[in-house]
There are 2 protein chains.
Amino acid sequence: LLAVDEDSIVADIAAACAQNHTRLCVPIGDDAAAWRPSRSALSVISSDVLVEGVHFEHEWMSAEDIGWRAMASNLSDIAAMGARPLLATVALGLPPAVPRSRILAYYDGMLACARANGVELCGGDLSRAPAVFLALTVTGEVRPSNLKRRSSARAGDILAVTGRLGASRAGLAALRDRVVLGEHEADALAAFRRPEARVAQGRWFGASRSVHALMDCSDGLASDLARLARASGVGARIEDVPVAASAAAAAAQLGERPEAFALAGGEDFELLVSIAPRAFAHLARRFEQRFGRPLYRLGRLLADERVVVVKDGNEEALERTGWDHFS
Amino acid sequence: LLAVDEDSIVADIAAACAQNHTRLCVPIGDDAAAWRPSRSALSVISSDVLVEGVHFEHEWMSAEDIGWRAMASNLSDIAAMGARPLLATVALGLPPAVPRSRILAYYDGMLACARANGVELCGGDLSRAPAVFLALTVTGEVRPSNLKRRSSARAGDILAVTGRLGASRAGLAALRDRVVLGEHEADALAAFRRPEARVAQGRWFGASRSVHALMDCSDGLASDLARLARASGVGARIEDVPVAASAAAAAAQLGERPEAFALAGGEDFELLVSIAPRAFAHLARRFEQRFGRPLYRLGRLLADERVVVVKDGNEEALERTGWDHFS
């Protein structure tokens, strides 16, 4: 294990980098950085890496799935800024024994996800490495007024999420821990292997003045909500957790509470949205009309800095049990 | 060893990606990709990765040096397009035992090189990994008329390079193979550990109409010249190879010809320039006035596709002996 936790070292890194920021509108610490390549345009950029043995094993999924998943997790970061992803580059690390067909299969998966979201793969680098890794960088664009950050949520906002949570973690439990999910297995495996980035939804939220803050919850809602709350200087009260059916099945097999399982599960790539309270009902109705799926109300943001979840009518502190690659 | 060679797999990847290019001015296969974020601006983007055990060992250099070198190799790709680098992101892979101080030292090195070249580090990703890797992506900008490619060299052009070659390979020989370099050791180690990307020179060449093609020779002149010639549909005749003093010393110790040692040596990050013949003398003079160092004349580009080097008055086929991480 590393002797450091991720948020703490990122804070140090951000402080070291901040000394030479003159060009950035959004510095280190959000889902993506933003800058202006010209007066009228605002660009965003984000890097995200998948490593064999850390994020995936080849026994769990095909090379195409691995490529898809790497692209989806990057596109999710751009969507979480309210931006439209445009271009991707990839640095691919390859052990000596990887055959040509598998290298091209990683690209097939990345390209399939890129095309499904209007993104072009425009280059990168290949290197020998002791384990496979895919380090992607995605660039996107956004109207300056549509850029959404995680630091601008307000006390009193309604907190919502774009989908049920925990399905990807259920897939991981089925693959790694051989948890039996029965009729829910196919959904869980698909969620883990071929997650959908909420690209159209992110741009749609970007265009709404009532959306005060946006981020993806790729590390698990428990971790990511704590980050949003801290960045915005608010607290949060979670009242309802939308649990995926496969997550409920996995939690039952493991003897965990379904809500706790879903709160801890990362890699769902749903968007966490902080919405002006008077606008929520209308926005949720329009969201369902537009995307054919509900916008789930999670709870509210608080003026103090407590982050709590309501369990059996009582408030409990939310434990940060999400996916941290360093612990 | 991989069963594939790098240029061949890159060609397959470029073909797979080309099916969805509508946005790119320069697709896969050059030092960087280029696109237009708005009508007036042209952006370039490039990714480049350094892997422990492949590109460096920690016994050879400090963590700051490793960070510097990773940044320099990326900036060199942007310089090779005639562009100005602006922003960098980094995906950093870290084995569990890396202490916090070393993580920050990688950033110190990256930041030192970024600051020296007017670049801001704007984010990235941290992940656990079996070996250290630094996957950087740099974005830059260029006036559309100043963009330089490797595919637009013309037969009859003078071929030149911005510095003497082989010093970085001499440093590697000293560190890895314990080759004794005496008074040249310090220069060789500095070239290997703290290479300078030719950022100002790249922009300067970008502004010249007489410069027909530009690329960096990070994989060794022998490999990279073959790529430039093939991309431009020309041949090349190398008449003079500017050999770094430390490279000559290393070659003498190893019983190799100094020119062959320098041609095979990668990671010097000098720029390879193809110049209209009538403009060469004037451009070389202005280059020396501006940068205080000579522009070295290597030879000429040929109408047929031979790539040859003149040795003792005879032409010999140039062997592609450069740095290929797959062989």
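Trainee: A nonpolar core is a set of buried Ala, Val, Leu, Ile, Met, Phe, Trp, Tyr and Cys residues joined through side-chain atoms within 4.5 Å. Which residues touch the most other members of the largest one here?

Mentor: Please keep in mind that this is a predicted model. Its largest nonpolar core holds 93 residues, and B:Tyr107, B:Leu134 and B:Leu225 touch the most other members. The greatest contribution to this core comes from helix 2 of chain B, residues 63-79, which supplies nine residues.

Trainee: What is B:Tyr107 in contact with, leaving aside its neighbours within four places in sequence?

Mentor: Two of its partners belong to chain A, namely A:Ile13 and A:Cys17. A separate core of 92 residues lies apart from the largest one, and its members include A:Met81, A:Val138, A:Val199 and A:Ala244. In soluble globular proteins, nonpolar side chains tend to be buried together.

Trainee: How are chains A and B related?

Mentor: Chain A is superposed on chain B by a rotation of 180° with 0.0 Å of shift along the axis, at an RMSD of 0.0 Å. This is the relation of a two-fold axis. Both copies use the same surface, as 100% of the contact residues of chain A recur in chain B.

Trainee: What confidence does the predictor give the complex, and where in chain A does pLDDT stay under 50?

Mentor: The complex receives an ipTM of 0.89 and a pTM of 0.91. For chain A the average pLDDT is 91, and 95% of the residues score at least 70. The stretch under 50 is residues 323-327 of chain A, although the model has 21 contacts for it beyond four places in sequence. Where pLDDT is low, the predicted coordinates should not be read in detail.

Trainee: Turning to helix 8 of chain A, which of its residues are buried, and what do they pack against?

Mentor: Helix 8 spans residues 245-254 of chain A, and its buried residues include A:Ser246, A:Ala247, A:Ala249, A:Ala250 and A:Ala251. The buried residues of this helix pack against helix 4 (167-176), helix 5 (185-193) and helix 9 (258-264) of chain A.

Trainee: What follows that helix?

Mentor: A:Gly255 follows helix 8 of chain A, with a positive phi near 70°.

Trainee: Which residues other than glycine have a positive phi?

Mentor: Among them are B:Arg178, with phi near 55°, and B:Phe269, with phi near 60°. Most residues other than glycine have a negative phi, and most peptide bonds are trans.

Trainee: Are those two buried or exposed?

Mentor: B:Arg178 is exposed, with a relative accessible area of 69%, in the loop between helix 4 (167-176) and helix 5 (185-193) of chain B. B:Phe269 is buried at 1%, in the loop between helix 9 (258-264) and strand 10 (271-275) of chain B.

Trainee: Which residues are linked with A:Arg237 in a network of salt bridges?

Mentor: The network links A:Arg237 with A:Glu239, A:Arg297, A:Asp304, A:Arg306 and A:Glu315. Between A:Arg237 and A:Glu239 the closest N and O atoms are 3.0 Å apart. A:Arg237 is partly exposed, with a relative accessible area of 24%, and A:Glu239 is partly exposed at 27%.

Trainee: Lastly, where is A:Asp7 placed, and is it buried or exposed?

Mentor: A:Asp7 is in helix 1 of chain A, residues 6-18. A:Asp7 counts as buried because its relative accessible area is 18%, and the cut-off for buried is under 20%.

How values were computed. Residues numbered from 1 in each chain as written. Chains lettered and ligands numbered in written order. Predicted model: local features only at pLDDT ≥ 70, side-chain atom pairs only at ≥ 80, totals over all residues. Heavy atoms only, no water. Buried < 20%, exposed > 50% of the residue type's maximum accessible area, 1.4 Å probe, protein only. Helix = DSSP H or I, 4+ residues; strand = E, 2+ residues; numbered from the N terminus. Contact = heavy atoms within 4.5 Å. pLDDT = per-residue confidence, 0-100. Least-squares fit on C-alpha atoms with pLDDT ≥ 70 in both. Salt bridge = Lys/Arg side-chain N within 4 Å of Asp/Glu carboxyl O.
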